[in-house]
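This report walks through one protein chain, from its packing to its surface. Keep the structure open while reading.

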Amino acid sequence: MAQDMLENGDACDYRLLKRQLQADIDYRILGQHMQAARKKRGMTQAAVAEKMKVGTKYYSAIESGTVKISLYRFIQFICLMGTTADQLLMGCHADYPPSHQCPDDASDDRKAIYALMDQCTEDQIKALRIIIDGLMTIRKP
């Protein structure tokens with residue numbers, strides 16, 4: 001809806017649009033992506049919190065999605081982890097483009113899998129790969 005308003009050039013109240021965009025962000029998924037980026041760098045929550053000059057409990061709450069991260073802290077995290085906003089935001093909002101472009105002629109099941117992958121952590125992606133590899137070894141009748 002928000003994207004439609006912007007693309008169509010409809011007159012809109014930007015405060016309302018901002019509230020809608022913020023309300024739709026899934027901070028739990030964002031936190032999962034932040035956790036994956038932190039673990040990829042081999043850092044603890046305490047180490048990241050110290051570098052960001054915030055408390056460990058506060059940083060832990062950001063990763064769990066119970067606290068909304070400010071834009072300043074978001075940019076700070078991106079710089080510290082050497083990641084990108086795209087990597088962190090995939091699957092966090094309905095209007096945000098998916099990280100995996102699924103062909104238009106793909107089945108509904110394949111499209112659903114692509115959409116779900118955007119919400120997965122790196123550990124979950126690895127587990128999915130192991131499952132799929134296992135399924136591929138099963139002989140078809």
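## Helix H6 and its neighbours

The model is predicted. In H6, the buried positions are Arg-73, Phe-74, Gln-76, Phe-77, Ile-78 and Met-81. Gly-82 follows H6. The phi of Gly-82 is positive, near 65 degrees.

## Overall fold

The chain holds nine helices and zero strands. Read along the sequence, the pattern is α-α-α-α-α-α-α-α-α. Of the 141 residues, 28% count as buried.

Contacts between residues at least 6 apart in sequence were also sorted by separation. Among them, 54% join residues at least 24 apart. The accessible surface of the chain comes to about 10,000 Å². Carbon and sulfur atoms account for 56% of that surface.

## The nonpolar core

The largest nonpolar core has 19 residues. Those with the most contacts inside this core are Leu-30, Met-34, Val-48, Tyr-59, Ile-69, Phe-77 and Leu-88. H3, H4, H5 and H6 each supply at least two core residues. H3 gives the most, with five.

Met-34 shows how the parts meet. Leaving out residues up to four places away in sequence, Met-34 touches Tyr-59, Ile-62, Glu-63, Ile-69, Phe-77 and Leu-88.

## One aromatic pair

The count of aromatic pairs comes to one. The ring centres of Tyr-59 and Phe-77 lie 6.3 Å apart, with the planes at 25 degrees, so the pair is stacked. The cut-off for stacking is under 30 degrees between planes. Tyr-59 sits in H5 (residues 56–64) and Phe-77 in H6 (residues 71–81), so the pair ties together parts 18 residues apart in sequence. Both Tyr-59 and Phe-77 are buried.

## Salt bridges

A search of the whole structure finds three salt bridges. In one, the side chains of Glu-63 and Arg-38 meet at 2.6 Å, N to O. Glu-63 belongs to H5 and Arg-38 to H3, so this pair ties together parts 25 residues apart in sequence. Glu-63 is buried, with a relative accessible area of 7%. Arg-38 is buried as well, also at 7%.

Asp-26 forms a salt bridge with Arg-28, with the closest N and O atoms 3.6 Å apart. Asp-26 has 25% relative accessibility, so it counts as partly exposed. Arg-28 is partly exposed, at 41%. Asp-133 and Arg-129 form another bridge, at 3.9 Å, N to O. Both lie in H9, four residues apart, about one turn of the helix. Asp-133 is partly exposed, with a relative accessible area of 40%. Arg-129 is exposed, at 60%.

Which residues make the nonpolar surface patch of about 620 Å²? They are Leu-128, Ile-131, Ile-132, Leu-135, Met-136 and Ile-138. Ile-132 is placed in H9 (residues 122–137). At 47% relative accessibility, Ile-132 counts as partly exposed.

Technical notes:
Residues numbered from 1 in each chain as written. Predicted model: local features only at pLDDT ≥ 70, side-chain atom pairs only at ≥ 80, totals over all residues. Heavy atoms only, no water. Patch = residues over 30% accessible without salt bridge, like charges linked within 9 Å, V, L, I, M, F, W, Y side chains within 5 Å. Areas by Shrake-Rupley, 256 points an atom, 1.4 Å probe, with all protein chains shown as cover. Salt bridge = Lys/Arg side-chain N within 4 Å of Asp/Glu carboxyl O. Buried < 20%, exposed > 50% of the residue type's maximum accessible area, 1.4 Å probe, protein only. Phe/Tyr/Trp six-rings, centres within 6.5 Å; stacked < 30°, edge-to-face > 60°. Contact = heavy atoms within 4.5 Å. Core = buried A, V, L, I, M, F, W, Y, C linked by side-chain atoms within 4.5 Å.
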